[in-house]
Amino acid sequence: MKLFVDQDLCIGCGLCIDIAPEVFDWSDDEMTAVAIDEEVPSEFEEEATEAMESCPTDAIQEAE
Ligand code: SF4
């Protein structure tokens, strides 16, 4: 599973970081979230999926 956060859609609510802190972190300016690694470790896929489904702006997207 590969993920990225669309920086134009993220509103910086922090929900994904609360749900999946092993997968998402704040960007350098702390205004938006970023995926820590594009490739999500398999043990964190469930929480990454929950974060993706919980994102209010659908900013978390699966990479090809
Ligand atoms: Fe951004 Fe969505 Fe994460 Fe909120 S849940 S910080 S809008 S990516």
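This is a predicted model: local features need pLDDT of at least 70, side-chain atom pairs count only at pLDDT 80 or more; totals for chains, interfaces and linings use all residues.

User: Which residues are closest to the ligand, and how many surround it?

Analyst: The ligand is surrounded by 14 residues, and the closest are Cys10, Cys13, Gly14, Cys16 and Cys55. By class, the shell holds 11 nonpolar and three polar residues, with no charged ones.

User: Why does Asp29 count as exposed?

Analyst: The relative accessibility of Asp29 is 52%, and the term exposed is used for values over 50%, so Asp29 counts as exposed. Asp29 is placed in the loop between β2 (24–26) and β3 (33–35).

User: Why is Thr32 called buried?

Analyst: Thr32 has a relative accessible area of 12%, and buried means under 20%, therefore Thr32 is buried. Thr32 is placed in the loop between β2 and β3.

User: What makes the pair of Asp29 and Ser27 a polar contact?

Analyst: The side chains of Asp29 and Ser27 are joined at 2.7 Å, and a polar contact requires N or O atoms within 3.5 Å, one able to donate a hydrogen and the other to accept it. The side chain of Asp29 also reaches the backbone nitrogen of Met31, at 2.9 Å.

User: Which side chain makes a polar contact with the side chain of Thr32?

Analyst: That partner is the side chain of Gln7, at 2.5 Å. Leaving aside neighbours within four places in sequence, the residues in contact with Thr32 include Gln7, Cys10 and Trp26.

Technical notes
Residues are numbered from 1 along each chain as its sequence is written. Side-chain values use heavy atoms; hydrogens and water are left out. A residue is near a molecule or strand if one of its heavy atoms lies within 4 Å of it. Ala, Val, Leu, Ile, Met, Phe, Trp, Tyr, Cys and Pro count as nonpolar, Asp, Glu, Lys and Arg as charged, and the others, Gly among them, as polar. Helices (H or I, at least four residues) and strands (E, at least two) are DSSP runs, numbered from the N terminus. Buried means under 20% relative accessible area, exposed over 50%, partly exposed in between (1.4 Å probe, protein chains only). Contact means heavy atoms within 4.5 Å.
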